[in-house]
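Here is a short briefing on one protein chain. Keep the structure open as you read, and find each residue as it is named.

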Amino acid sequence: VDFISRSFFPAVGVNEDPVCGSAHCGLAPFWSLRLQRNELVAFQCSSRGGRVGLKLDGDRVSLIGAGQVVVEGSFTVPDF
């Protein structure tokens, strides 16, 4: 494991996100620069906990690992 994190968003009703992919997309470039590597492994130490693989390619971050769908839906964007 290259770094450990926790994610809290109480202002939007999330006391702690068990494993936050979007937060890790922001953390990956930070740790990539410091560790001088483009492939990292993170662990989010919430009560549920979870390991996230991260791969940086230019300005893109890929998340690698198992996921859990918690919401599904669709939306329509009107033509402008």
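The model is predicted. Two aromatic pairs are counted in it. Phe3, Phe30 and Trp31 are linked into a cluster by ring pairs.

**The hairpin**

- Start with strand β2, residues 7-9, and strand β3, residues 14-17. These two strands pair in the antiparallel sense. Two bridges join them.
- Phe9 stands opposite Val14, a residue of β3.
- Together β2 and β3 make a hairpin, with four residues between the strands. Gly13 sits in the turn. Its phi is positive, at about 85 degrees.

- Ser7 belongs to strand β2. Its relative accessible area is 5%. Buried means under 20%, so Ser7 counts as buried.
- What does Ser7 touch, not counting residues up to four places away in sequence? The list is Asn15, Glu16, Asp17, Cys20, Ala23 and Gln44.
- Ser46 lies in a loop. That loop runs between β4 (39-44) and β5 (50-57).
- Is Ser46 buried or exposed? Ser46 has 10% relative accessibility, so it counts as buried.
- Ser46 is in contact with Glu16, Asp17 and Pro18, leaving aside neighbours within four places in sequence.

**The aromatic cluster**

- The count of aromatic pairs is two. In one of them, the ring centres of Phe3 and Trp31 are 5.6 Å apart. Their planes meet at 10 degrees, so this pair is stacked.
- Trp31 is partly exposed, because its value is 28%.
- Phe30 and Trp31 also form an aromatic pair. Here the centres are 5.2 Å apart, with 85 degrees between the planes. This pair is edge-to-face.
- Phe30 has a relative accessible area of 38%, so it is partly exposed.
- Which residue lies over the face of Phe30? Arg34 does, at 3.7 Å from the ring centre.

**Leu35 in the helix**

- Leu35 has its place in helix α1.
- With a relative accessible area of 32%, Leu35 is partly exposed.
- Leu35 touches Asp2 and Leu40, not counting residues up to four places away in sequence.
- Look also at Phe3 and Leu35. They are 32 residues apart along the chain. Their C-alpha atoms are separated by 10.0 Å.

**Asp57 in strand β5**

- Asp57 is placed in strand β5.
- Is Asp57 buried or exposed? Its relative accessibility is 60%, and exposed means over 50%, so Asp57 counts as exposed.
- Asp57 and Glu39 are 18 residues apart in sequence. In space, the distance is 9.3 Å from C-alpha to C-alpha.

Key:
Residues are numbered from 1 along each chain as its sequence is written. This is a predicted model: local features need pLDDT of at least 70, side-chain atom pairs count only at pLDDT 80 or more; totals for chains, interfaces and linings use all residues. Side-chain values use heavy atoms; hydrogens and water are left out. Two strands pair if DSSP finds at least two bridges between them. Buried means under 20% relative accessible area, exposed over 50%, partly exposed in between (1.4 Å probe, protein chains only). Contact means heavy atoms within 4.5 Å. Rings of Phe, Tyr and Trp (its six-membered ring) pair if their centres lie within 6.5 Å; planes under 30 degrees apart count as stacked, over 60 as edge-to-face and the rest as tilted. A charge sits over a ring if NZ of Lys or CZ of Arg is within 6 Å of the ring centre and within 35 degrees of the ring normal.
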